Amino acid sequence: MSMQQSYQHILQTIGEDLERPGLKDTPIRAARAFSYLTSGYEKSLEEVTNNAVFPSDNREMVLVKNIEFYSLCEHHLLPFYGRVHIAYLPEGNVLGLSKFARITEMFARRLQIQENLTQQIAEAVESVTGARGVAVVIDSAHMCMMMRGVGKQSSTTRTVSFVGDFKENTEARREFLSAVPESY
Ligand SMILES: [Zn+2]
């Protein structure tokens, strides 16, 4: 069954009339939208960071803040969205700044839970740059908590992932966390 047919089936299941003008092209549109929202599966880390690792003697913390993202929770297929903040401690190489957004997109455009998204971004930055340490914070709002279930409209969720030096270095952690105030 194609994704378009699956959406037709879902609309029939809720009692909708597939022939009414407003819904005529909805199954194909919905299928295209869902394919786009999950297009991260087709990308690889190598592809999204291609030719953007540069040698550098700078060993000080690099912090890229406020990368916006939209993802889908793997439990309800409802959106969660917010901001990603990424810091790393370079060890001979730096990564082009736009690539942090590309890495975020690649993992966000898959079915996710926020905890795993945070860790996948941290590990990807470490593996691409060979950094001494990577820290990632994500602040987000979950539609599955806001539109359904407990119906908590103002709750936000922060997740953190530390890799390498950030695990033991409390000074670096403090510097990073104090630079990223709550962003959602
Ligand atoms: Zn959910």
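Start by selecting helix 1 (residues 3-13) and helix 2 (residues 26-37), whose crossing is right-handed. A crossing gets that name if the near helix is turned clockwise from the far one by less than a right angle, and is left-handed if anticlockwise. Helices here are DSSP runs of H or I with at least four residues, strands are E runs of at least two, and both are numbered from the N terminus.

You are looking at a predicted model, where local features need pLDDT of at least 70 and side-chain atom pairs count only at pLDDT 80 or more, while totals for chains, interfaces and linings use all residues. Residues are numbered from 1 along each chain as its sequence is written, and side-chain values use heavy atoms, with hydrogens and water left out.

Stay with the two helices for a moment. They pack at an angle of about 120°, with axes 8 Å apart. That makes helix 1 oblique to helix 2, the class left over once angles under 35 degrees (roughly parallel), over 145 (roughly antiparallel) and 65 to 115 (roughly perpendicular) are taken out. The axes are lines fitted to C-alpha atoms over the stretch in contact, and angles run from 0 to 180 degrees between N-to-C directions.

Next, show the side chains of M3, Q4, Y7, Q8 and L11 in helix 1; they meet T26, P27, I28, A30, A31, F34 and S35 in helix 2. Contact means heavy atoms within 4.5 Å. By class, this contact has eight nonpolar, four polar and no charged residues.

Now select E91 and R59. They form a salt bridge, with the closest N and O atoms 2.7 Å apart. The term means a side-chain nitrogen of Lys or Arg within 4 Å of a carboxyl oxygen of Asp or Glu. E91 sits in the loop between strand 3 (79-89) and strand 4 (93-95), and R59 in the loop between strand 1 (53-55) and strand 2 (62-73), so the pair ties together parts 32 residues apart in sequence.

Buried means under 20% relative accessible area, exposed over 50%, and partly exposed in between (1.4 Å probe, protein chains only).

Finally, go to helix 8 (residues 170-179), where R174 and E171 lie three residues apart, about one turn of the helix. Their salt bridge has its closest N and O atoms 3.4 Å apart, and R174 is exposed at 52%.

How values were computed: Ala, Val, Leu, Ile, Met, Phe, Trp, Tyr, Cys and Pro count as nonpolar, Asp, Glu, Lys and Arg as charged, and the others, Gly among them, as polar.
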